[in-house]
Amino acid sequence: MDAVHGHNNLVGATIMPHNIGIGATRDPQVAYETGKVTAAEVRATGIPWDFAPCLCVTRDERWGRTYESFGEDPALVESMETVIQGLQGAPSGKDLKRNDKVLATAKHFVGDGGTEYGSSTTGTYTIDQGITKVTRRELEAVHLAPYQDAVDRGVGTVMPSYSSLDILGDSEGPVKMHADAVMINGVLKDRMGFDGFVISDWQAIDQIPGDYASDVRTSVNAGLDMIMVPYAYKDFHRTLSDEVTAGRISGKRIDDAVSRILTQKFKLGLFEKPYADTSGASAIGSAKHRAVAREAAAESQVLLKNAGGVLPLKKSQKVYVAGSNADDIGNQTGGWTITWQGSSGKITDGTTILEGMRKTGSVVTYSKDASAPTDGHDVGVVVVGETPYAEGVGDVGNGNDLVLSAADRAAVDKVCGAMKCAVLIVSGRPQLVGDQLGGIDALVASWLPGTEGDGVADVLYGKRAFTGQLPLTWPKTEAQLPINVGDSSYDPQFPYGWGLTTLTSVPGGGTSALKALAVAAAVAEKAGSETAGRAIVTKARLLVQQKMGQTITAASAKPFADADHLLLTRRYGQAVAKLTEAYRAV
């Protein structure tokens, strides 16, 4: 089951924020808890195996799968891999027999998030399933890094990518990942020590150049242990047998594949208990599970701008709500929800952002297109963004772009022209809002928060503080893409790691305070204290953000973004030094 953000194909299940929102929380415990709930709900329907998590490192927001990634920084992706323990339990696999755990799948090996725009040859896709062109050093540092952590965490299966890998300078040219023996056998199994099994993606071996016998032979010899052939299984079985009989696939390779698969089946207890245990079904969509999703949604909200302290809202205020995504559970949950592509409308149970706001007891007027009179309101909330899509269907240039719809733009202009306003962007990736930013008082990246709109309302009304941070760089224009933390040229609308906070006193003291924090950070780093290190760097970040305000420049954005990467790699002293550089650049 592709349960990539909760048991997302099941009506009534608890739908979590998509991974990009989980990355925005910067909270490994949240990732773990969402995985735990997902596993319990999936196993309760008799399914012991989940094709998740996606460990892609997204590097270009034109990619339709951007929201399936935890972010653009491999260090951030690695920090969220606690989700694997949420799904599987102990790294040894000893918990897999439980009726609330599932076998996890690290996907898509390797480099699916780095495909070059315009390189795809799949239908009308522009970037998904294309070619990732990287140096060997970039491959190791960016795309391979999360997989070693997954292997160390005991992930049971790995799924290769539809995409191709072109390592610059090796003269091999692009190689389809399902045919890449060097990466699957050599790197994943031999070097990393992966002892689970490799499962192909849906009909993916058909994309390998050559006839069908060549596709089967090449993929199995490259290290694939199980092939997903939903329609051609009879042809596959016959062809595989022929290839083994002819000696083109060895018996040893078959034995290896079968033993890897059987090992995981034994860990899952499928032979002792061959029938599904659905005793946990009563907890599907339960209040306890939804509370986890609500907390995840709240922590995922990133406050990008808050001029005049518009947020949090007060319950005494009369609020005017507009926009296409204020009251649409389908848009709020995104792709991979009930159906592959997802769809707008009331597609499953949950609470929309508007419903969450109304449940606070605040006086709310709702007008989707902002056609209702705006007089007599204290503040406006306009919830805009994308409609659902999945995979290459969402690629920019394939019927999609990064610009708000005309109706959404009109709603923003009308409401923000009439009163103080907060704009929430419900989307799987950044939307280009630079030309309207000046007229917007508060701006929130809400991502795709799932079924629990109450979580969004919690931060809007101050029940919880805004604490989310950008998991990827927010660009000014599409021409800047790809743009990522660490780039030599870096001038975004909002840098990676940006995220204002509410209900928290921001430290003062300027450079003298930063000097003191630098000393404390060095001590925490030497002592190996992650809790202290993160707290110190967070104080420095909030101090610097306050000075940067809305005058973010290239000179301040680059060191600011670099600091967040350094924090994630536990280099707290260097992180504060970079934040000090950003402070001085303002």
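The model is a predicted one, in which local features need pLDDT of at least 70 and side-chain atom pairs count only at pLDDT 80 or more, whereas totals for chains, interfaces and linings use all residues. I number residues from 1 along each chain as its sequence is written, and the side-chain values use heavy atoms, with hydrogens and water left out.

I then followed strand S8 (residues 318-322), which pairs with strand S10 (residues 379-385) in the parallel sense over 4 bridges, where two strands pair if DSSP finds at least two bridges between them. Tyr320 of this pairing stands opposite Gly380 in S10. S8 is also joined to S9 by 4 bridges, and the two run parallel; here I noted Val363 in S9 as the bridge partner of Lys318. Of the 5 residues of S8, 4 are buried, so the strand is largely enclosed by the rest of the structure; buried means under 20% relative accessible area, exposed over 50%, and partly exposed in between, with a 1.4 Å probe and protein chains only.

Stepping back, I read the whole open sheet as 6 strands in the order S7-S12-S11-S10-S8-S9, with mixed pairing. Its edge strands are strand S7 (302-306) and S9, each of which pairs on one side only. Neighbouring strands of this sheet are turned by 20 degrees against each other on average, direction ignored. Helix H13 (residues 406-418) lies across S8, S10 and strand S11 (420-426), running at about 170 degrees to S10; axes are lines fitted to C-alpha atoms, for helices over the stretch in contact (heavy atoms within 4.5 Å), and angles run from 0 to 180 degrees between N-to-C directions.

**Tyr366**

I placed Tyr366 in strand S9 (residues 363-366), and at 26% relative accessibility I count Tyr366 as partly exposed. Not counting residues up to four places away in sequence, Tyr366 touches Val321, Gly323, Ala326, Asp327, Leu354 and Arg358. I also checked Tyr366 against Gly380, which is 14 residues away in sequence and 9.9 Å away in space, C-alpha to C-alpha.

**Thr501 and the annotated spans**

The UniProt record, an unreviewed entry, lists residues 302-501 as "domain: Glycoside hydrolase family 3 C-terminal"; UniProt positions are in the numbering used here, feature names are shortened, and annotations may be inferred rather than shown by experiment. I find the end C-alpha atoms of residues 302-501 to be 8 Å apart, with the span 16% helix and 16% strand. Thr501 lies in the loop between helix H14 (454-460) and helix H15 (510-527). The side chain of Thr501 reaches the backbone oxygen of Phe466 at 2.7 Å, and, leaving aside neighbours within four places in sequence, Thr501 is in contact with Leu303, Ala465, Phe466, Thr467 and Leu542.

The same record, again as an unreviewed entry, gives "domain: Glycoside hydrolase family 3 N-terminal" for residues 1-263. Over residues 1-263 I noted 38% helix and 8% strand, with the end C-alpha atoms 20 Å apart.

I found 5 of the 5 residues of strand S1 (residues 105-109) buried. S1 pairs with strand S3 (residues 157-160) in the parallel sense over 4 bridges, and the bridge partner of Lys107 in S3 is Met159.

A further open sheet has 3 strands in the order S2-S4-S5, and the pairing is mixed. Strand S2 (131-134) and strand S5 (175-176) stand at its edges with a single partner strand each, so one side of each is left without a neighbour in the sheet. S2 pairs with strand S4 (residues 164-167) in the parallel sense over 4 bridges, and I noted Asp166 in S4 as the bridge partner of Lys133. Helix H5 (residues 136-152) lies across S2 and S4, running at about 115 degrees to S2.

Notes
A polar contact is a pair of N or O atoms within 3.5 Å; within protein, one must be able to donate a hydrogen and the other to accept it, and residues adjacent in sequence count only if both atoms are side-chain atoms.
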